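Here is a structure to walk through step by step. Keep the sequence and the 3D view side by side as you read.

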Protein chains: 2
Amino acid sequence: MRKPCSLLALAAALAALPVLAAPAGGDALSIVTDLTTDIGQRMAGTPREAAARDWAVARLKALGFAGVHVETFPIPGWQRGEEQAAITAPVPQKLAVTALGFSGATPPQGIRAELVYFPTLDALQSVPDGSLKGKVAFVDHAFVASQDGAGYGVFGQPRRIGPVIAAQKGAAALLIRSAGTGHTRDPHTGYSQQPKDGPLPSGAVSIPDAELIARLAAKGRPLTVSLTLTPRAVGTLTSGNVIADLPGRDASLPPILIACHLDSWDLGTGAIDDGAGCAIITAAALQASQSGQLARTIRLLWAGTEETGGFGGQAYAKAYAAQRHAVVIESDSGADRVYTADFAFAEADKALAERLATALARMGITRGSDQPEGGEDVGYLAAQQKTAVIDLRQDATRYFDWHHTPDDTLDKIDPAQLQQNVDAWAVVLKILGNETGPISPLKQP
Amino acid sequence: MRKPCSLLALAAALAALPVLAAPAGGDALSIVTDLTTDIGQRMAGTPREAAARDWAVARLKALGFAGVHVETFPIPGWQRGEEQAAITAPVPQKLAVTALGFSGATPPQGIRAELVYFPTLDALQSVPDGSLKGKVAFVDHAFVASQDGAGYGVFGQPRRIGPVIAAQKGAAALLIRSAGTGHTRDPHTGYSQQPKDGPLPSGAVSIPDAELIARLAAKGRPLTVSLTLTPRAVGTLTSGNVIADLPGRDASLPPILIACHLDSWDLGTGAIDDGAGCAIITAAALQASQSGQLARTIRLLWAGTEETGGFGGQAYAKAYAAQRHAVVIESDSGADRVYTADFAFAEADKALAERLATALARMGITRGSDQPEGGEDVGYLAAQQKTAVIDLRQDATRYFDWHHTPDDTLDKIDPAQLQQNVDAWAVVLKILGNETGPISPLKQP
């Protein structure tokens, strides 16, 4: 017996139909899976970054983006070499070590020196200049995991400026506790400032190794260390931004710029930093426009160089200085869920920010302190144009366990949390993309 | 105003007094902290195992144990060399690799060969002998973490017997998915059987790398790999058991043998495997006798070689074949809590087993299937003398994340769970140590 066709049943059947299917390969998990599998590490300026750009162009074209192209720029190159370290006295203990980005080199046969333990960067700063001649400075710190990842600011400083301070104190090399929160033997690399008169051999040891050093140092007997790091500067290399548009109906409206970075550090495969970000923004743009073309263009920037100095974001800001952008948003904190959102909007656009916050609140995403950071890939443009900025802040509890280490691999991505990012971004992009009124700069430029 | 002294207050004051303070350095956390800090890795037969023995003798004497001495025995030596691997086609991807124990060596410059993916050891077994000539066999598996760690049995087989099967199939080398459950880039080493006519280059890649290989293999394009492993056999070395007694009041009663192993693999510092075990049994023996000397002697065996072939337990069984032992118990599954106990007791001693199970039940420890395994350090003696055996089974959920990897370091030990082990063992040792009746062999020998 045939059931009578009710309006309710019809409505239910229509609701179950996808509005427009996402293009094959356009979901976030597929993008980051393929990028990490088919490319892997893609350190800025290397042939692997070039391969990643080719891959990105092909993928973004296949997904239907318009105007997909590459804009190249020069960057300073640096290449990792041999990496070995050990405590040699009072007890032989191998150390898991990796060079900080832009580290100087020891002689090929390494150095052997007294290791001087400093519990903090301030403690290193407090000793007289030149007093560590011939010694290796070791800087410890107390970075612990938190949802907002705030510890990376202060506890990342030994990595960022430690080499300059250690050199000022006369040290032959710097070792630091890995600027992360994970307990594997895989230390964290990352950008470091180096002395102007030449780079200092600078490495991070894993957290279990740093804790071992701290325990040995607490015994008060002299510690000696052997250290071999042979990285080198490799001159000027070419990096490039990949740019793609999802064109809006009204080309006169300034675009929404959404960004990630395509380059990764060389140790892992750049899954959480920042393959996930590129996957999230791309899948979200597609999802936001699934039910129909948006009014406003969404521009994707897969920045070519973030890790080794923010050159991608700088190149974009320079190249597009004359083109007004409405809002900038970046995804570069892994693949875990968005939990809070910050809005820097002009006074005239507070109602728009309120609409966005309300839509996100329905997903359990709270409104934060409205002091978005922007990030390396959009921050230069935002500062220049005083554009509106949104941060969709991700849970960083696990992020610094793996960030910049060999452990940054695909298995660290939770597909459900990745998709939650896409859903949150798509909500935001759909509202912004269909906002046909002016979206003002924060201050009149 | 002085309060009147009540019997209740007096009883409370007495209960708060420690019966006898544990000797300084006799708690489990101190023992494993000092062993991993002052010695670190202590691979069997190396100078570091010898240093660990000296350390152990000094510590056990300081803690008041009697008859502390070393009994040496010869073992086959093997030493790790260079370790490098990478996928070279269809895409360059570095692999985190480590040699399996007793692996053969590639030429110093390495090999480059087609990699053939096998989802299981059975799949490798099923191809014709000689059919993998010039190729590298890769064996995947599906080991996932569980409380009883049961997966290590079946999913450890690619490591244990894979080299023999791969050689039979003609392979130039074997790579396996690390026989663990952790998602770091630190692969798991361990004992492997090798072909009689010479060892095969045999390595494990980390689990993220194995998953990458599986994804690439699923694409159906040929995979090539480069592999350099240069370990070598280093002849006969000397290892040694450390033996110590906590003498009972009645020397005529056969002792309780409690065991751990002092040697570790070379990659980590042997905190959970098996520094924790030595710490647990030692602290528990002290704790069990804190309120007075036990009737029966407790003998500690810190076995010299477990990892590279169980030679420590074999040497003890041979040396003490003529001395009756009452019960054997081993601790060699990390530092996480005891959750169940198994008893193999003679029929006449079922009531004793019941008393032990009841005492443990008060701590939330259930009774298992009463099929204890014993373990490498006590199993040879137990089989020979048909002694009673107890297993105090530990939660292994986290154990295989770190076991045999560089990540086996002190920070993986949860002090509260470590102490729960000591408490459980002390309960058992106090009951057994004060059991003055006969404890029978399982069968009359």
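Start with helix α6 of chain B, residues 157-168, in this predicted model.

Now look at two of the strands under discussion. How do β7 and β8 of chain B run, and how many bridges join them? Strand β7(B) covers residues 173-177, and strand β8(B) covers residues 202-205. The two run parallel, and four bridges join them.

Step back to the whole sheet. It is open and has eight strands. Read across it in chain B and the order is β3-β2-β9-β5-β6-β7-β8-β4. The pairing is mixed. Which strands form the edges? They are β3 (93-95) and β4 (97-99) of chain B, and each pairs on one side only. Neighbouring strands of this sheet are turned by 30° against each other on average, with direction ignored.

Finally, turn to where the chains meet. Chain A puts 21 residues in contact with 21 residues of chain B. On the side of chain A that touches chain B, two or more residues each come from α2 (28-39) and α7 (207-218) of chain A. Helix α7(A) gives the most, with five residues. By class, this side of chain A has seven nonpolar, six polar and eight charged residues.

Note on methods: Residues numbered from 1 in each chain as written. Chains lettered and ligands numbered in written order. Predicted model: local features only at pLDDT ≥ 70, side-chain atom pairs only at ≥ 80, totals over all residues. Pairing = 2+ DSSP bridges. Axes fitted to C-alpha atoms, helices over the stretch in contact; angles between N-to-C directions. Contact = placed C-beta atoms within 7 Å. Nonpolar A, V, L, I, M, F, W, Y, C, P; charged D, E, K, R; others polar.
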